[in-house]
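Subject: Structure handover

Hello,

Here is the structure we spoke about. My notes follow below it.

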Amino acid sequence: MAAALSRLADRVIEVITGVDAIRHRFAQVQHAAQVEVRSFVTAPFVAVPPGTTR
């Protein structure tokens, strides 16, 4: 149990809502990432038109 809690403590979970806030934070995370970016998306899904991301 302690090992599982330790592994979870190494992860950061952040909840972001709103198209502009998501766009801004995802760009920040993407630029800072050294290996990969993983995300977990729940409904309702929001889609933005192609070419509107920065």
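R23 forms a salt bridge with D20, with the closest N and O atoms 3.0 Å apart. A salt bridge here is a side-chain nitrogen of Lys or Arg within 4 Å of a carboxyl oxygen of Asp or Glu. This is a predicted model: local features need pLDDT of at least 70, side-chain atom pairs count only at pLDDT 80 or more, and totals for chains, interfaces and linings use all residues. Residues are numbered from 1 along each chain as its sequence is written, and side-chain values use heavy atoms, with hydrogens and water left out.

Back to the pair. R23 and D20 both sit in helix α2, 3 residues apart, which is about one turn of the helix. R23 counts as buried, at 17% relative accessibility. D20 is exposed, at 56%. The cut-offs: buried is under 20% relative accessible area, exposed is over 50%, and partly exposed is in between (1.4 Å probe, protein chains only).

The whole structure has 2 salt bridges. R38 also forms one, with E36, and the closest N and O atoms are again 3.0 Å apart. Both R38 and E36 are exposed.

S39 lies in the segment after α2 (19–32). S39 is exposed too, with a relative accessible area of 58%. The C-alpha atoms of S39 and I13 are 9.5 Å apart, and the two residues are 26 residues apart along the chain.

Now the chain totals. The chain has 2 helices and 0 strands. Helices (H or I, at least four residues) and strands (E, at least two) are DSSP runs, numbered from the N terminus. Of the 54 residues, 4% are buried. The accessible surface is about 5400 Å², and 59% of that belongs to carbon and sulfur atoms. Areas come from the Shrake-Rupley method with a 1.4 Å probe; for residues, only the protein chains shown count as cover.

Best wishes
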